[in-house]
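Please have the sequence and the 3D view ready.

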Amino acid sequence: MKWCRFQNKGQPAFGLIEEDQVTAIEGTPWGEHRMTGDRQPLASVKLLIPTFPGTFFCAGINYGEHVRMMAAKRGVEPKYPDRAEIGYRAQNALIAHDEAIVKPKDSGPNFQYEGELVAVFGKRARKVSKESALDYVFGWTIGNDVSERDWQTSDRSMWRSKNTDTFKPMGPWIVTDPDLSAMRTVVRLNGRVVEDFDTNGMIFDAATYISEVSRYCTIEPGDVMWMGTDGVPENMKPGDVCEIDITGIGTLRNPVVAED
């Protein structure tokens with residue numbers, strides 16, 4: 001099934017996508033809900049971020065090639081993580097499909113995309129096993145972990161390099177039953193393929209992350225977990241359009257604009 005969150009009569013609403021139509025629901029897709037008679041063409045609605053998470057988890061350094069290539073770029077030996085560790089991102093940075101990524105006036109040229117698979121949770125998870133971890137995932141969407149690398153290097157934390165307004169596109173919708181083993185992530189910049197990798201080729205898979213995080217942090221319905229990226233991203237500039245395609249989900253597309 002495919003679910004979205006969209007602007008409906010001036011208010012955010014969840015909807016079920018069937019072919020090229022969206023039917024609004026009352027409630028949440030992962031909780032109690034009721035189908036309404038409000039049905040609209042998908043092409044005519046304004047899509048919103050597919051969930052507004054209470055907690056925004058993110059996995060970092062989770063693909064081997066990304067570790068090797070980034071280390072080579074810096075001229076150091078690659079260092080691989082020995083356990084699944086998590087970070088956080090800020091809600092203020094979230095934007096929807098087709099909304100603009102704003103490049104700040106004082107940002108440098110190392111302004112980059114990162115295409116990521118995103119888990120959307122449908123049940124509260126606390127101390128769950130790896131074997132049952134995916135049972136707590138309602139579905140999957142796509143994220144773009146936009147990063148200002150000069151700030152990432154110079155600041156003591158990633159508060160602005162990763163969390164500035166508009167730096168976290170997410171969408172366009174949630175798909176409940178894609179085949180994780182068959183997924184590929186393809187990133188295009190102005191139509192040119194700049195990344196193409198096995199989405200599930202992670203150092204630690206989603207189930208490992210969910211189980212490990214839930215040992216310490218309660219995961220609530222509607223929360224999200226971004227699963228990291230592979231490769232070495234190129235720079236983006238105002239005027240560019242970044243598209244991230246993940247097999248079985250769809251395409252997240254966002255233009256880049258300069259700050260006024």
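How many salt bridges does a search of the whole structure find? The search finds 19. A salt bridge here is a side-chain nitrogen of Lys or Arg within 4 Å of a carboxyl oxygen of Asp or Glu.

## Basis

This is a predicted model: local features need pLDDT of at least 70, side-chain atom pairs count only at pLDDT 80 or more, and totals for chains, interfaces and linings use all residues. Residues are numbered from 1 along each chain as its sequence is written, and side-chain values use heavy atoms, with hydrogens and water left out.

## D38 and K9

D38 pairs with K9 in a salt bridge, with 3.7 Å between the closest N and O atoms. D38 sits in strand β4 (residues 33–41), while K9 is in the loop between β1 (2–8) and β2 (11–18). They are 29 residues apart. Strands (E, at least two residues) and helices (H or I, at least four) are DSSP runs, numbered from the N terminus.

D38 is buried, at 17% relative accessibility. K9 is exposed, at 73%. Buried means under 20% relative accessible area, exposed over 50%, and partly exposed in between (1.4 Å probe, protein chains only).

## D145 and K162

A salt bridge joins D145 and K162, at 3.0 Å from N to O. D145 lies in the loop between β12 (137–144) and β13 (147–148). K162 lies in the loop between α2 (149–154) and β14 (168–175). Both residues are buried.

The two also belong to a network of salt bridges that links R89, E114, D145, R149, K162 and K168.
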